[in-house]
Amino acid sequence: MLQLNEAQVFYATLLLAVILIRIPLIGVYFRTVNTLFHENGHALAAILLSGEVNRIELKNDTSGTALTKTPSGSRAMLVAFSGYPFAILCAALFFWLSGRGYEKTGLLILISLALINLTLFVRNTYGIVWLLTFSGIILLVNWLSEPVLTKIFFLCISQIVFAEAIFSTLVVFYLGLAKPKKAGDITILARLSHIPAAIWAILITGIVAGIAWFTFLRFFPAPAQLFP
């Protein structure tokens, strides 16, 4: 029977994740995980800054919206800023958990986040259906309790969030430079601060790139380990 080492499992799962997100409909479905983390970054920041979360929307084009209320403009800026860094930090956390064999803990985090959003925040139809089905998939993986399946599933989700967090940041970087009035969070930051959208785009991209590079160096197995 073929035995795969950790590096081989990691990169095989990375290939699976890349293929998965390129499949029509299925790819959009799984890429929505990153949207969930991004919008919850906004929500968490609002709550920590004594604000309120009115609702969150997860949409079928992988976009999302977090409608929040904060006591001041400066706090609103922090809320707007938090989405992209939070998503990439969650991916880093998941790689850390997987590297230590804590996939079950990661699944608990995922199901808890999904249920909290389903109960408190998400009200649009696609968002509700997505959260229900995604929760069902997590529960099924947990119920089957197959260590290899659990590891592959959790790694795949981690890699999708990692890749999508980087890709969405690059998109908003381009929009911040080329179309500053259509750059989402960057546009909000520019309006609240009166600082050009390009500056915010560069700052957020730099932070996400730094976290991504640290994650790559710290948690990705060295390619040399593929063929020991």
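The following legends describe close-up views of a predicted model.

**View 1. The largest nonpolar core of the predicted model comprises 66 residues.** Within this core, the residues with the most contacts are F37, I56, L110, W130, F134, I157 and I186. Helix α7, spanning residues 147–178, makes the greatest contribution to the core, supplying eleven residues. In soluble globular proteins, nonpolar side chains tend to be buried together.

**View 2. Surroundings of I157, one of the core residues with the most contacts.** When neighbours within four places in sequence are set aside, I157 is in contact with F30, V33, L110 and F134. Among these partners, L110 and F134 are likewise listed with the residues that have the most contacts inside the core.

**View 3. A salt bridge joins R31 and E164.** The closest N and O atoms of the pair lie 3.3 Å apart. R31 is partly exposed, at 21% relative accessibility, whereas E164 is buried, with a relative accessible area of 8%.

**View 4. R55, E57 and K59 are linked in a network of salt bridges.** The side chain of E57 takes part in a salt bridge with R55, at an N to O distance of 3.2 Å, and in a salt bridge with K59, at 3.9 Å. R55 counts as partly exposed, with 37% relative accessibility. K59 is also partly exposed, its relative accessible area being 31%. For the model, the count of salt bridges comes to four.

Technical notes: Residues are numbered from 1 along each chain as its sequence is written. This is a predicted model: local features need pLDDT of at least 70, side-chain atom pairs count only at pLDDT 80 or more; totals for chains, interfaces and linings use all residues. Side-chain values use heavy atoms; hydrogens and water are left out. A nonpolar core is a set of buried Ala, Val, Leu, Ile, Met, Phe, Trp, Tyr and Cys residues joined through side-chain atoms within 4.5 Å. Buried means under 20% relative accessible area, exposed over 50%, partly exposed in between (1.4 Å probe, protein chains only). Helices (H or I, at least four residues) and strands (E, at least two) are DSSP runs, numbered from the N terminus. Contact means heavy atoms within 4.5 Å.
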